[in-house]
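Please view the sequence and the structure below before reading on.

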Amino acid sequence: MHISKALITAAGPDQHTLPLQRVVDQRGIERTALQLIIAEVLAAGVEEIGVVIQPGDEAAYRAAAGDDVERLVFLSQPQLRGYGDAVFRGQEFVGGEPFLHLVGDHLYLSRTDRPCAAQLIDVAKQHACAVSAVQATRENMLPFFGAIGGRAVPQQTGLYEVTAVVEKPSPTVAEQRLVIGGQRAGYYLCFFGMHVLTPGAMAALGKVREQSPPDRQVQLSEALADLAVRERYLALEIAGARYDIGMKYGVLTAQLAIALSGADRDQILTELVELLAGVAGAAS
Amino acid sequence: MNPLLATILADDENVRHRSLDSVCRDAALGDLLAQCEELDAFRRTSDNLYHRVRALFFLAAVYRYHIPAKLPPRQQGLIPYDGYNQLLARRFAEAIDSFRAAGRQQPPNDALASALAHAYHALAFQTLADQVRRSVRTVPGNQWMFRLGHPADQALRLRRELVRREPGAPYPVLAEQTAVRMDFSHSAWSDIFFLGMDFPEGARVLNASIDLGVHGRDPQPRPPIETFLRVIDEPVLRLVSVDLQTTSTIRRADEVFDFARDYNGLLKAAVIAAGIVPPGMEGSDHDIHELLSRVVAPGLGLELVSQVNGIPKGSRLAVSTNLLGSLISVCMRATGQVSTLTGALGEADRRIVAARAILGEWLGGSGGGWQDSGGVWPGIKLICGAKAQPGDPEFGVSRGRLLPEHAVLGDGSISAATRQQLQDSLVLVHGGMAQNVGPILEMVTEKYLLRSEREWQARHQAMAVLDDIVAALQQGDIRQVGSATTRNFTGPLQEIIPWATNLYTDTLIDDVRRKFGAQFWGFWMLGGMSGGGMGFVFDPNTRAAGQQWLADQMPAVKRRLQSALPFAMEPVVYDFTINDRGTWAELRAGAAAAMPESYYLLLAPGWLRSETRSLSPQTQAELQRISSAVQDNGAMAARLLERMLPQATADQTRDAQLTALLTKYGFDVEQHEQIQADLRSGRTGLAQNRLSTNATITDVRPDDVVDAREDASRRIAELGAAAIRHGEVAVVSLAAGAGSRWTGGAGTVKSLHPFCRLGGRHRNFLEVHLAKTQRVSQQFEAPVGHVVTTGYMTDEPIRAHLQMHDDYGLAGRVFVSPSRSVGLRMIPMERDLRFAWEEMPQQVLDEQQQKVRASIRAAMIDWAKAAGESANYTDNQPLQCLHPVGHWYEVPNMLRNGVLMKLLQSQPNLKYLMLHNIDTLGADVNPQMLGVSIDRNWTLGFEVIPRRLDDRGGGLARVDGHVRLVEGLALPREEDEFALSYYNSMTTWINLDRWLDCLGLTRNDLGDAAQVDAAVRRMSRRMPTYITLKDVKKRWGHGQEDVYPVAQFEKLWSDMTALAEVDCGFLVVPLRRGQQLKQPDQLDGWLRDGSADYVTELCAWDR
């Protein structure tokens, strides 16, 4: 399997400005979130990048992309029909090939030398099938993510055959359909915001989109649930962490995580300690 | 091998299913005790749940039935107090160890056997209940709720469709309509969880979802249960039960777990079981808005409303379980836990709703069968127990799963025409009786697990009847259905539980059969016990006539029997249709987003009385809508006005009736006010009932009693026989009390309660006592008079009953002695409630029931304080406000009301009276006992029995050296009772002349009312007055009942033994003669252990 293209979605009504946020990267340089996502893609060896945006956002995105702007192809999502529809907008761009897909409102931090996207692509290439990155997530976070059910692939660490996908499941549904052996009680494998998708996934998405009434949001999870019964579809527990910068204090948390794993670690730690001491002093 | 163990461990089904009786029948006492030792060791080590449970039930039954039957006649023992306390604290395993340790110090005896039987029985049920509870918690989809302990962890979110609204429009209302379920085959109780998990093959039920309407009231049947959920603009949880007229506004998460604080316990259980406030949050100290801000949105709350359309309690149609199911379903739909927001539920969704309903019932401390949420499913379905498979939480623990399988039988299986025929033939009714079926469920469980021969065969017959019913339905033959349901009722169901029927049901069936002959196709028992929800199958051409006849005749039969049987309401006849869509929801938005009218009738008066500015914008908008609605709907305006304006209450009439009754029955105002003042000042009360703590209380010595358990000398027996032959004896049956323990305070006449079939028909207590007198009279060819003492509540019914039955063949020899005194119940003192509930040893209940009880008790203490401690209790039916003043008065009353004089005129040789309690069924005029009393020349000869565990409430003691009977409430220390070997049976042989002498009277003085009154008053003053708490039922609504603790006083006959000048003696009599039948749950053991046969042999029936 050869993966040469990546698709970033950034058209959601509440998320479309998030990639434009500025954070300080691990080297201490101020960059936009979009630049960090592009860097993640490039580090995985993928050089052609499509970005799905709302009409009218292109100028801002061009400005935010920095030096890599020329690598980008901007794709427009004229009607807000949901996340799945946004991915489907990249159909022509990916051209019937497997592709890497990332959401525009997540930042990633690998715990190994291999960046998160690179880990995912390695597995996709090895197994020649669709793979979604997942992370064990406590059940109280279920309202924010899609989650998978499945079984562990024998002799492989952190790799699962996906049998079910449910978008933002209730804990009841999760417990009935998504419990996977080996996970801690109350933890589920939730999407990481990063997938390698096959043409089959794009076809499933097209079908879901076609069958949905125009006023209904098209969800990627529905297509992935369909994909799971049609072709081999894996999930990889990534050795890394994702930070949803769209959540309350999401940017702050992501920034702290990046800074604490980078060059300014000591400075940040010192400032945190001073901050805590100040808060404690004021409280007393 | 030990045959008990071999039965449990056998692979061969014939051995495994053999009955315990067949194994124990011929075993010697020593062998049986040794086998029990081995079995006890086995149950401690076995890791198989059902082996353990079966061993426990075997041990309970062997100690209850088989060992006592093999004990020598003269045996007695003492139950260690520690063990008793462990039983109360539900530490059953420790209690067993204590009783076994005592058994090593004492020869085999009935006292310890009864204690061990009780402890093994309780441990068996606790083991089973724990297993069901574990299974409920481990059902996938339920587990997360037990992990969640903080609002920040709540992962449920309300579906956005319920939060979105157009500006100015109300929030949408999610409305759910749910059917109730009707059981075709009664299931022979096989839907009890334990039984389905023990023998899933035998757990099969055919039930139908039905819509209901009350015949003559509702235009057509409709789903009887409606529930509603919507967002409100206040961050609270508002629960409204329209039918129970109750609103709860919940502001703290923990309040949801306070089930009994108001009538919304079921709604609270639903909110918990649906996971909105999950069970893991019990005890957490959080505001509900912290939770709701996550589930709904900051600043918003939820409202949950239930409405049962006038279907009374006790319908045997599982209304409350289906209401719970409906509430849970609407909550789960709203929070995305099931796949559909509106319309029908899918099979997987119905199963999780049913699992949550089981959880809800457990939380609420109640318990239904696994078929009970059948109304959630559509149409007619076969529900079967399922074997546990690998992967199930039950696998390897029990043979069956907690949840059964449902197979909906569609038109292909049971045609539309057959369904129509069924509707055209069956008349559904509620007979008006409401009974607690809890004891029956325990009896059935025990019998099935013991594989008792007759019951096991009957169970198989019931399974075959189910097949017949299914076949008849598939063939479209409703007449056969009626025949099969009748066969089921008269055959296996009554074989398993004789109390499944009662005189009321039998009378109705006989009357219907007489009236309609071959057009009456059969009787259909709906579940639990009969007398409440029942069905009558008619030829379709006769159905309308049958329905009308039942509507007319049921109230008449009820009126005839209502003093003897506990009725909760007027009988009702239903119209019904089969519901083919199951539970169903719709989302009402925009102008349609309204609650039912009854909701507004309940809440609007409160809103209108409030300042408008204090109402939330949503409520203000609702008031505007009501305002528009009433302009278009005059009837609604009238109903609203009716709610708001003060009504002429029934209270005034009730007060007048009460005053009249008090005057009629000789209410002593002065004494009442003195007792009230004493209560208030603390001079009397529960704590003051007790003897001084300085009193030395010890067991009696052997020579303090005469042991009459074995045949006496011929001389003694002949002494008694001669007295009987000479007409020197009469019987006095004490029947003034309301028998509150028998019907839980329902206010029926216990003596007239047809408690059991004996000699081929239902017999009441009074009839049994008169039949014994008849037998003695015939045997000795001598007249034996029989006095029945009555009270304000029992006098008229007993007189009418005796007249109707011609004194059961004793015409001219039965005398009714009416009461001359009555008390007025009082609101209890908080001090006494706390003493009874906090200082006296209490039976700790099962975990959830204990919580519910604590909640009820807190509410009752609040009620007592709010209603005024020691004030007159008048907020009930007048007869329920009065109380009998204790059986001490009943004997002197015979002097004051002239009955003794009449008796002496009728039986001039009379010298001895045998006085007995109405529930001492084995007491008869026995020449041996009488002979002892004559021989010893006692003034009063009291019969006592060796104490067993159930015999609580005092006993025979030496108090500071004086041998006397002491009431349990007078014992200074609880443990004193456990040192006493004998229990008071209350049967007393009275030497008439010597007793009159104690009063300062002779036979010649009986005509002098003033002298008699003065003598009685003199002695009365010397009798201690006890304050007691009694439960009294208050009925309201559609068959609803509340139980209140009320204070009353009484003087007791046994205190005569404390008077030094009264020469009292004590006879130890056999258990079967002296035991008392106080509670319906003793009936089964009474029938099984030979007591019923013993009593039957003493009787000469009139018919």
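## Basis of the description

Two strands are said to pair if DSSP finds at least two bridges between them. Helices (H or I, at least four residues) and strands (E, at least two) are DSSP runs, numbered from the N terminus.

The model is predicted: local features need pLDDT of at least 70, side-chain atom pairs count only at pLDDT 80 or more, and totals for chains, interfaces and linings use all residues. Residues are numbered from 1 along each chain as its sequence is written, while chains are lettered from A and ligands numbered from 1 in the order in which they are written.

## Sheets of chain B

An open sheet of 8 strands in chain B has the order E17-E32-E26-E29-E25-E18-E21-E22, with mixed pairing. Its edge strands, E17 (706-707) and E22 (814-817), each pair on one side only. Within this sheet, E18 (residues 729-735) and E25 (residues 912-917) of chain B run parallel and are joined by 6 bridges. B:Ser733 stands opposite B:His916 of E25(B).

A further open sheet in chain B consists of 3 strands in the order E16-E27-E28, and its pairing is antiparallel. Strands E16 (697-698) and E28 (962-967) of chain B stand at the edges with a single partner strand each, so one side of each has no neighbour in the sheet. Strand E27 (residues 954-959) of chain B runs antiparallel to E28(B), and 6 bridges join the two. B:Gly954 has B:Glu967 in E28(B) as its bridge partner.

Axes are lines fitted to C-alpha atoms, for helices over the stretch in contact, and angles run from 0 to 180 degrees between N-to-C directions. Angles under 35 degrees count as roughly parallel, over 145 as roughly antiparallel, 65 to 115 as roughly perpendicular and the rest as oblique. Residues are in contact if their C-beta atoms, placed from the backbone, lie within 7 Å. Ala, Val, Leu, Ile, Met, Phe, Trp, Tyr, Cys and Pro count as nonpolar, Asp, Glu, Lys and Arg as charged, and the others, Gly among them, as polar.

Helices H27 (residues 714-725) and H36 (residues 927-936) of chain B pack at about 95°, their axes 7 Å apart; H27(B) and H36(B) are therefore roughly perpendicular. Among the residues in this contact are B:Leu719 and B:Ile724 of H27(B), and B:Met929 and B:Val932 of H36(B). By class, the contact of H27(B) with H36(B) has 11 nonpolar, 3 polar and 1 charged residues. In another pair, the axes of H5 (residues 49-70) and H17 (residues 438-450) of chain B come within 10 Å and cross at roughly 105°, and these helices are therefore also roughly perpendicular to each other. Here B:Val53, B:Arg54, B:Phe57 and B:Ala61 of H5(B) meet B:Glu446, B:Leu449 and B:Leu450 of H17(B). The residues of this contact are 5 nonpolar, no polar and 2 charged.

## Domains and chain contact

Chain B is divided into domain 1 (3-138), domain 2 (600-638) and domain 3 (662-829 + 869-1098), with bounds that come from an automatic or database domain assignment. The centres of domain 2 and domain 3 of chain B, taken over C-alpha atoms, are separated by 59 Å.

The contact between the chains takes 16 residues from chain B and 13 residues from chain A. On the side of chain B that touches chain A, 6 residues are nonpolar, 7 polar and 3 charged.

Methods. Contact = placed C-beta atoms within 7 Å.
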